[in-house]
Amino acid sequence: MRRLIAAVMLWLAPLAAASAQTLPAQVDPNNPPPPLAQPFGPQASIADNFTVADFLEPAIISHTDNEEIGSGEGAYRGNCLPTHSAFSDPIVFPGLIGGSPHGHTNFGNRNGLDKTSYTQVRTEGLSSCYNIMWRSLYWLPMLSRWKADGTRDVRMPDSVNIYYKRPGINMPQCQPGNPLFIGRCVPLPNGLKLVAGADMVTQTVPSGKLTFACIVYTAQNTGGYNGGLKSDVPAAANACPAVPNGETITKRVLNVKFEFPACWNGVDLDSANHRSHIADAFTNPTTGRYACPATHPYHMWRYTAQFQYTMDEHLPTDGLWWQGRPGWYFDSDRMFGMPMVKPGTSVHMDLWDGMSPYMKTAIEANCINRVLSCNDGDLGNGEKLKRIWTASVPAILPRPTASREPGSVKFHAPN
């Protein structure tokens with residue numbers, strides 16, 4: 001048996017070496033990139049055009065430094081609400097209002113899909129992420145219910161949970177010269193734009209991670225039973241876990257989770273494909289080291305977004321899919337002029353940073369660098385964001401006017 005194992009290892013060794021050679025070089029802990037000239041990147045901060053104190057309230061929970069020392073990562077978490085859906089995309093189609101070939105569900109800056117400049121993002125619009133201190137833009141393809149009679153409407157998420165995480169500045173991952181060095185640790189750059197998730201052409205996920213899961217909540221288990229991570233909607237719906245005898249179901253949800261890349265090239269806030277200025281950290285199988293690629297040596301806050309949609313009778317749970325089958329589709333899955341694809345396999349998400357400088361500085365100094373667990377808009381300094389946006393939207397909405405129709409496309413010149 002030992003000889004057989006040795007022979008197999010010898011056979012696999014060249015393959016492992018070849019695989020390792022195809023990986024990019026990782027950032028060198030002994031030759032780290034220089035600190036940024038400006039802490040929040042090349043885009044200068046734009047001052048708040050309101051009185052900050054009006055949008056803060058005392059935090060309920062007190063903190064102890066390094067309370068998340070087990071992971072070494074500080075975390076900021078908040079809950080945003082969906083606002084509306086529209087056929088606009090300020091990153092891919094800036095200024096072309098109604099001109100996106102598929103519709104998006106918006107949350108964060110209420111009028112975010114109409115913005116054409118960072119100044120507008122920072123100084124205009126209400127926000128469904130607590131209040132106007134958090135004017136960032138976030139959007140993803142809207143989820144539609146296609147019914148057997150050919151009609152369709154839009155399913156809105158019940159909740160949108162946002163996470164920003166990164167190792168604290170004093171953790172080994174952020175210390176040059178340490179073998180665990182992951183990259184030069186920096187805050188989220190001002191005005192950063194990026195897209196993560198599926199590529200609609202290749203139906204792959206070239207950057208970040210995208211997963212689906214069915215979670216069943218019961219009166220007895222408010223944390224829910226998770227059916228496991230899947231790569232598309234039919235697989236997730238088919239994997240809904242059974243409910244234990246004696247427990248009462250409160251709801252079944254489709255959970256959609258995006259994890260954005262966190263390695264940045266330190267220069268660009270956008271790129272031609274809206275992805276290549278950011279890259280995923282990776283583990284080198286030869287050394288076992290987890291780090292950013294040398295081309296993207298700055299490790300910023302890692303953004304994660306999690307959506308939950310209450311499942312209904314229009315979502316098949318048999319795991320099957322065929323062209324034209326009624327059910328739940330993200331708008332990019334079933335887009336005019338494009339081949340229809342399995343539900344979920346085209347889903348992507350967009351981000352355009354617009355946080356208040358006060359908020360961003362507090363998160364970096366407290367939640368991240370003190371390695372705290374900041375929840376519900378907590379800034380880790382005894383303050384939290386005041387929940388001013390409380391407007392909720394119906395779970396089911398009429399489908400908005402489709403793009404490419406003459407009356408729906410309006411051009412706003414970027415400035």
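The model is predicted. Keep that in mind at each stop.

**Disulfides**

Number the bonded cysteines along the protein chain, and the pairing reads 1-2, 3-4, 5-6, 7-8, 9-10. Three of these links get a stop here.

*Stop 1: Cys 174 and Cys 185.* Select both residues. A disulfide joins Cys 174 to Cys 185, with 2.0 Å from S to S. Look along the S-S bond next. The torsion there is about -85 degrees, so the disulfide of Cys 174 and Cys 185 is left-handed. Now colour by secondary structure. Cys 174 lies in the loop between strand S9 (159-167) and strand S10 (184-185), while Cys 185 lies in strand S10 itself, so the link ties together parts that are eleven residues apart in sequence. The cut-off for buried is under 20% relative accessible area.

*Stop 2: Cys 263 and Cys 292.* Move along the chain and select this pair. The sulfur atoms of Cys 263 and Cys 292 are joined in a disulfide, S to S 2.1 Å. What parts does this link tie together? Cys 263 lies in strand S16 (residues 263-264) and Cys 292 in the loop between strand S19 (290-291) and strand S20 (298-299), so the tied parts are 29 residues apart in sequence. Check the torsion of Cys 263 and Cys 292: at -80 degrees about the S-S bond, the link is left-handed. Both Cys 263 and Cys 292 are buried.

*Stop 3: Cys 367 and Cys 374.* Select these two. Cys 367 and Cys 374 form a disulfide, and their sulfur atoms are 2.2 Å apart. The torsion about the S-S bond is -100 degrees, and the link of Cys 367 and Cys 374 is left-handed. Cys 367 is buried, and Cys 374 is as well.

**Salt bridges**

Show Lys, Arg, Asp and Glu side chains instead. Side chains of opposite charge can pair when their charged atoms come close. How many salt bridges does a search of the whole structure find? The search finds 16.

*Stop 4: Glu 124 and Lys 115.* Select both and draw a distance. Glu 124 forms a salt bridge with Lys 115, and the closest N and O atoms are 3.3 Å apart. Glu 124 is partly exposed, with a relative accessible area of 35%. Lys 115 is buried, at 6%.

*Stop 5: Lys 360 and Asp 353.* Jump to this pair. The side chains of Lys 360 and Asp 353 meet in a salt bridge, 2.7 Å from N to O. Where do they stand on burial? Lys 360 is buried, with a relative accessible area of 1%. Asp 353 is buried, also with a relative accessible area of 1%.

*Stop 6: a network.* Select Arg 145, Lys 147, Asp 153, Arg 155 and Asp 312 together. Salt bridges that share partners join these five residues, Arg 145, Lys 147, Asp 153, Arg 155 and Asp 312, into one network. Zoom in on one of its contacts. Asp 153 forms a salt bridge with Lys 147, with the closest N and O atoms 3.3 Å apart. Asp 153 counts as buried, at 9% relative accessibility. Lys 147 counts as partly exposed, at 25%.

Methods: Residues numbered from 1 in each chain as written. Predicted model: local features only at pLDDT ≥ 70, side-chain atom pairs only at ≥ 80, totals over all residues. Heavy atoms only, no water. Disulfide = S-S within 2.5 Å. Helix = DSSP H or I, 4+ residues; strand = E, 2+ residues; numbered from the N terminus. Buried < 20%, exposed > 50% of the residue type's maximum accessible area, 1.4 Å probe, protein only. Salt bridge = Lys/Arg side-chain N within 4 Å of Asp/Glu carboxyl O.
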